[in-house]
Amino acid sequence: MPVLIALLCGIAACAVLPALPAATACLGLAAGAAALAACLPSRLRPWAALAPAFLLGLGYAAWRAEHRLAQQLPADWQQRPVVFIGEVRGLPQPGEYGTRLTMEVERTLTPGVKLPQTVRLTDFRGREWPTGSRWRAEARFKRSRGTANPFGFDVEQWQWSEGVLATGSLGPGERRLEDSRAPLVQVDRVRAALVARVERVLGESREAALIAALTVGAQQRVAREDWRLFAATGLTHLISISGLHITMLAGLAAAALAWLSRRLPTFGFPPRLLIAGGAFLTAAAYALLAGLSVPTQRTLFMLGVGLAALCLRRGLSPFRIWWLALAVVLLIDPFCVLAPGVWLSFGLVAALMASSIARRRAPGKWRAALAGQWAAGVCTLAPLVWWFGGIPLVSPLANALGIPYVSLLLTPLALAAVLLPLEWPLHWAAWLARGFFWGVERLAQAPPMPLAGTPLPLFLLALLGSAWLIAPRGVPGKGLAALLLLPMLLYRPPPPVLGEFRATMLDVGQGLAVLVQTRNRALLFDTGLGGAERVLLPQLRGLGVKKLDGLVLSHHHSDHDGAAAELAAAMPPGRVLAGQPESLAELGLSGEGCRLGQSWAWDGVRFDVLGPPDAAPANDENARSCILRVAGMRHALLLSGDAPEAVERALAGQPGLRLRSTVLAAGHHGSRTATGAAWLAAARPEVVLISAGYLNRYRHPHPSVLRRAEEAGAAVLRTDLDGALTLEFGDGVEWSCLRDSQRRYWRERGDCGEPP
């Protein structure tokens with residue numbers, strides 16, 4: 001078993017390496033290490049075998065990664081039209097801005113380029129793309145890319161783990177071909193038909209969306225507001241067809257078959273084989289109905305290994321079965337180590353097993369249920385903080401009530417309702433769904449417990465404490481185990497010293513959001529696009545910001561103040577300034593307009609409002625952008641929103657106005673209409689920051705802006721290439737870029753201001 005564990009550690013380690021090792025080199029080293037281990041004394045061989053096993057796992061994962069990287073879209077074919085033949089897989093997702101769908105590429109028709117096997121596409125025209133249909137279509141692609149920030153959901157990591165290597169937007173001129181007849185496509189058509197039936201009977205309601213998510217895995221129909229409720233109560237995992245639901249359903253099937261086997265003849269078949277086989281087939285049918293998504297496949301593999309061991313009577317301990325199931329999952333899909341769901345599901349199973357070992361007699365049902373709930377709650381604490389930046393205080397109660405309600409009551413009834421050709425079971429399931437929402441809405445009113453991003457040593461310490469807490473009674477020192485969790489729960493990032501400040505330009509895509517932190521205060525300059533829960537709030541919480549003392553909205557464009565309303569609802573700001581104060585009421589905020597001469601100091605750091613000028617035209621929203629200069633004891637940062645070059649020249653020519661700044665945020669995302677020569681000459685920056693979306697349709701930043709910055713001798717940092725940017729303004733200005741500081745072989749990175 002230690003050799004198997006070493007093999008799995010090698011597979012897992014590959015996913016977090018900054019650069020991909022050569023598979024042939026790893027496998028060669030493994031062979032050499034194995035030969036060396038064979039020459040050692042027999043008592044040392046078991047330990048010496050760990051090194052070749054680790055290298056073998058590393059080489060295997062690297063070999064699989066090399067094959068996946070070879071499928072990547074060539075960089076010079078990004079955003080160029082490509083004609084291809086593809087098949088619609090899964091359930092297309094209609095939305096506010098168009099339809100999102102997944103296609104399996106059969107072949108690429110454009111010479112000189114080959115598309116990856118799986119691509120995600122957006123149709124902004126909202127056309128119909130039936131499940132299983134085949135098309136000759138044209139699209140513009142780019143490599144799978146997401147915003148790169150230190151906290152929250154990592155889209156790029158998720159896309160890599162799912163095998164999605166390119167995304168694109170569909171163009172006109174599509175032609176439908178003969179539909180696919182593949183077995184899995186037929187399943188997808190059945191799923192689509194079931195969703196249509198549910199919505200026909202119940203309407204496009206939240207209850208219908210929940211039933212569709214629990215039965216056929218159509219999670220995309222659940223509204224964003226409902227996802228917020230689930231996140232606030234720690235119940236998000238219940239809405240996906242996860243290992244919990246599949247295992248629960250398999251358990252119900254096993255119990256029913258066991259009851260029948262005691263009352264009906266089995267015709268010579270051992271009852272255990274009938275029970276195990278029936279439970280596995282039930283789980284497989286449910287996973288198939290869910291579209292055989294990657295998480296359901298993992299659960300099915302794990303369940304299959306466990307049932308096979310039971311049937312073969314190999315005398316394996318529960319933990320040996322657990323390790324074998326994990327080995328099957330990682331060997332089939334070595335990239336799944338990047339999915340938090342894998343570790344949460346396997347970790348929960350391990351916690352439940354650990355809570356029941358070394359007992360002289362089995363506890364009662366209620367006591368066993370409470371012990372399992374305690375073990376699950378303790379062991380998910382550290383992972384939830386690590387991956388999601390906090391824990392809802394109401395989560396233990398919500399899960400204690402929600403797990404049996406959803407897994408044992410709502411999900412089985414919903415499955416029966418969608419499969420039976422009757423309408424009244426669907427109405428019953430909808431009634432149960434309404435009850436679920438009623439409870440979630442009340443539990444969501446409890447206050448959350450946001451926690452700052454945890455360093456790896458504190459996370460590992462908390463994991464050790466969690467395992468210690470759920471250990472059997474005979475393990476000494478359990479009363480002290482909780483102390484190992486305190487460093488993670490109490491951790492706060494070290495703040496700047498007095499007179500210095502830290503600025504973080506978040507990667508919000510084609511928008512702007514800059515967080516300025518002094519010793520005891522925090523100010524946010526712009527919020528980026530809508531959806532504060534997507535990027536903004538996870539970053540603020542992860543950086544240890546519990547309160548915003550100031551919010552500056554440069555002007556009323558959605559890429560600058562689109563998330564302001566959601567931000568204010570979750571984290572009400574103190575002082576609010578806006579370049580267009582008349583827009584604040586629309587955002588549900590109250591504040592004042594930006595005016596030249598406004599100034600204040602926090603912790604020895606000075607904040608000066610330099611614009612907009614009084615003469616700014618009222619019909620030019622960009623010209624009314626608020627301009628803010630933040631100055632510490634030695635260095636300053638200048639932020640100007642989308643102020644155009646005419647405003648820059650007017651301010652640069654104003655006598656006595658202090659513009660000298662070590663760091664300058666380029667105006668209008670690096671557009672050629674801003675960051676002119678006069679502005680650069682007045683500010684004399686050493687560093688220029690640019691916040692823009694990767695390969696955005698406006699083609700920001702413009703080459704002329706990059707050329708002017710280079711001529712001014714300034715280093716250029718870009719969120720589209722470098723991810724989130726963090727700058728420390730102390731004796732000097734030190735910066736770091738997320739794509740450089742958190743390098744991964746599957747994540748592209750920029751030069752982080754280094755000359756090419």
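## Helix H1 and its cover

Leu4, Ala6, Leu7, Leu8, Gly10, Ile11 and Cys14 are the buried residues of H1, where buried means under 20% relative accessible area, exposed over 50% and partly exposed in between, with a 1.4 Å probe and protein chains only. Helices (H or I, at least four residues) and strands (E, at least two) are DSSP runs, numbered from the N terminus. This is a predicted model, in which local features need pLDDT of at least 70 and side-chain atom pairs count only at pLDDT 80 or more, while totals for chains, interfaces and linings use all residues. Residues are numbered from 1 along each chain as its sequence is written, and side-chain values use heavy atoms, with hydrogens and water left out.

H1 has 13 residues and spans 19 Å from its first C-alpha to its last, close to the 18 Å expected at 1.5 Å a residue; the expected span is 1.5 Å times one less than the number of residues. The cover over the buried residues of H1 includes helix H4 (50-69) and helix H13 (318-332). As a reminder, an α-helix has 3.6 residues a turn, so residues three or four places apart point the same way.

## A closer look at Leu7

Leu7 sits in helix H1 (residues 2-14) and, with a relative accessible area of 16%, is buried. Not counting residues up to four places away in sequence, Leu7 touches Ala53, Phe54, Leu56 and Gly57; contact means heavy atoms within 4.5 Å. Leu7 and Leu56 are 49 residues apart along the chain, yet their C-alpha atoms are separated by 6.5 Å.

## Helix H14

The buried residues of H14 are Val342, Leu344, Phe346, Ala350, Ala351, Met353 and Ala354.

## Cavities

Searching the whole structure turns up six cavities of 30 Å³ or more. On a 1 Å grid over the protein atoms alone, a cavity is a set of points where a 1.4 Å probe fits but cannot get out, and lining residues have an atom within 4 Å of a point. Grid points are joined across faces, edges and corners, and a volume is the space filled by probe spheres set on the points.

The largest cavity has a volume of about 110 Å³. Its lining is made up of Gln72, Arg143, Ser144, Arg145, Glu156, Gln159, Trp160, Val164, Leu165, Trp746 and Glu748. Helix H5 (residues 155-162) gives the most to this lining, with three residues. By type, the lining of the largest cavity divides into four nonpolar, three polar and four charged residues; Ala, Val, Leu, Ile, Met, Phe, Trp, Tyr, Cys and Pro count as nonpolar, Asp, Glu, Lys and Arg as charged, and the others, Gly among them, as polar.

## Aromatic pairs

The whole structure holds 17 aromatic pairs. Rings of Phe, Tyr and Trp (its six-membered ring) pair if their centres lie within 6.5 Å; planes under 30 degrees apart count as stacked, over 60 as edge-to-face and the rest as tilted. Trp160 and Tyr745 form an edge-to-face pair, because their ring centres are 5.8 Å apart and their planes stand at 85°. Trp160 lies in helix H5 and Tyr745 in the segment after helix H28 (738-741), so the pair ties together parts that are 585 residues apart in sequence.

Both Trp160 and Tyr745 are buried. Elsewhere, ring pairs link Trp227, Phe230, Tyr405, Phe436 and Phe437 into a cluster.

## Backbone details in the loops

Most residues other than glycine have a negative phi, and most peptide bonds are trans. Here are some sites to look at against that background. Gly611 and Pro612 are joined by a cis peptide bond, with omega about 20°; Pro612 is in the loop between strand E16 (605-611) and strand E17 (627-631).

Thr675 has a positive phi, near 55°, and lies in the loop between strand E19 (663-665) and helix H25 (677-683). With a relative accessible area of 1%, Thr675 is buried. Arg684 has a positive phi near 50° in the loop between H25 and E20, but at 52% relative accessibility Arg684 counts as exposed.

Conventions:
On a 1 Å grid over the protein atoms alone, a cavity is a set of points where a 1.4 Å probe fits but cannot get out, and a pocket is an open set with protein on both sides within 12 Å along at least five of seven lines; lining residues have an atom within 4 Å of a point.
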